Amino acid sequence: MDTEINRQKMLMSQIRSLAFAVNDLALYLDTHPCDQNALRCHTDYAEQLHDLKMLYQKEYGPLSIYAPMENGWEWIESPWPWERGGV
Amino acid sequence: MWSYDRHLQYPVNIKTPNPALAKVIISQYGGPDGELAASLRYLSQRFGMPDKKSKAILNDIGTEELAHLEMVGSLVHQLTDGASVEEMKKAGLGAYYTDHGFGVYPQAAAGFPFTSAVLAVKGDPVADLTEDLAAEQKARATYEKLINLCKDDPDVVDVLRYLREREVVHFQRFGEALNGVQDKLAQKRFYIDKK
């Protein structure tokens, strides 16, 4: 059980890191839209983020209400991000 | 529109409640240089921006500020959740508890409620972006004061350091957007008389 929670936490930590990188690159690209290197990094991280979110949602439930919920309304089940003990 | 991602931008996991820290941190929720003011300032100013870069940066930084609002709210919530009424009273939150219980209300550290009087929308891109540069510096300075006040809890300081760092990045991006607007305004204009 503990290793499962650790795996979920590790996956979420990777998602947060990638989401941070994508967001920070987006701000940079807003004022440097012609920087090809930054653009490549953005695409690369955005693809990784998308794949990782798909994997996470399959195993641990939805990260957004736009995710299909095939096992009932899972959206309300896990702790929320602002709560102590949230992932 | 906006959609909700079910995770914080940076994790907040506070082990022990400490209402005294919540009492000061709440200023970055609803105070004059807080995240609510920041998000409303940028998301309202964006309608008056003249070029691609400034519209985009106000939209995207305004959105990130909403994520920071959530992080600061999480700090205040976790620092008060599980505290006793007695502990709230001892931390100087007796008056707060009277009006808001253990809820998270947008107010400044000194107790006055959030007001949009702390932000400006001038409808003038140079004036607005210059205000945004100052706003980021004021928020940075506030986080530094909070770090000084919260030294007892390294988990709190870690989150505050992250938020402080983002103010520095936003300041940089607003400076670039302002340069872009000023370059555009300085361009020579040619008018052709068709006669």
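The model is predicted.

**Stop 1: chain B as a whole**

Trace the sequence and the pattern reads α-α-α-α-α-α-α-α. Along its principal axes, the C-alpha trace spans about 85 × 30 × 30 Å.

How much of chain B is buried? Of its 195 residues, 42% count as buried. Look next at how the chain meets itself. Among contacts in chain B with a separation of 6 or more, 78% are between residues 24 or more positions apart.

**Stop 2**

Select α7(B), residues 125-149, and α8(B), residues 154-186. These two helices pack at an angle of about 165°. Their axes are 9 Å apart. An angle over 145 degrees counts as roughly antiparallel, so α7(B) is roughly antiparallel to α8(B). Their crossing is left-handed. Colour the contact between α7(B) and α8(B) by residue class: 17 residues are nonpolar, five are polar and seven are charged.

**Stop 3: the nonpolar core**

Nonpolar side chains tend to be buried together in soluble globular proteins. Keep that in mind here. The largest nonpolar core has 44 residues. Which of them touch the most other members? Select B:I25, B:L75 and B:V76.

In chain B, α1 (19-25), α3 (35-45), α4, α7 and α8 each supply at least two residues, and so does α1 of chain A. The largest share comes from α4(B), with ten residues.

Zoom in on B:L75. Leaving aside residues up to four places away in sequence, B:L75 touches B:V12, B:I14, B:I25, B:V156 and B:V159.

**Stop 4: where the chains meet**

Show both chains in separate colours. Here 28 residues of chain B are in contact with 17 residues of chain A. On the chain B side, α4 (52-80) and α8 (154-186) each supply at least two of the touching residues. Which helix gives the most? It is α4(B), with eleven residues. Sort the chain B side by class and you get ten nonpolar, nine polar and nine charged residues.

**Stop 5: a helix pair across the chains**

Select α1(A), residues 2-31, together with α4(B). The two pack at an angle of about 160°, with their axes 8 Å apart. The cut-off of 145 degrees applies again, so α1(A) and α4(B) are roughly antiparallel to each other. Look along the crossing: α1(A) passes α4(B) in a left-handed crossing.

Now show side chains. From α1(A), pick A:N23, A:A26, A:L27, A:D30 and A:T31. They meet B:K53, B:A56, B:I57, B:D60, B:I61 and B:E64 in α4(B). This contact divides into five nonpolar, two polar and four charged residues.

**Stop 6**

Finish in the segment after α8 of chain B, and select B:R189. Is B:R189 buried or exposed? B:R189 has 4 other C-beta atoms within 10 Å, so it is exposed; the cut-off for exposed is 12 or fewer. The C-alpha atoms of B:R189 and B:L119 are separated by 34 Å, and the two residues are 70 residues apart along the chain.

Key. Residues are numbered from 1 along each chain as its sequence is written. Chains are lettered from A and ligands numbered from 1 in the order in which they are written. This is a predicted model: local features need pLDDT of at least 70, side-chain atom pairs count only at pLDDT 80 or more; totals for chains, interfaces and linings use all residues. Two residues are in contact if their C-beta atoms, placed from the backbone, lie within 7 Å. Helices (H or I, at least four residues) and strands (E, at least two) are DSSP runs, numbered from the N terminus. Ala, Val, Leu, Ile, Met, Phe, Trp, Tyr, Cys and Pro count as nonpolar, Asp, Glu, Lys and Arg as charged, and the others, Gly among them, as polar. Axes are lines fitted to C-alpha atoms, for helices over the stretch in contact, and angles run from 0 to 180 degrees between N-to-C directions. Angles under 35 degrees count as roughly parallel, over 145 as roughly antiparallel, 65 to 115 as roughly perpendicular and the rest as oblique. A crossing is left-handed if the near helix is turned anticlockwise from the far one by less than a right angle, and right-handed if clockwise. A residue is buried if 20 or more other C-beta atoms lie within 10 Å of its own, exposed if 12 or fewer, and partly exposed in between; C-beta atoms are placed from the backbone. A nonpolar core is a set of buried Ala, Val, Leu, Ile, Met, Phe, Trp, Tyr and Cys residues joined through C-beta atoms within 7 Å.
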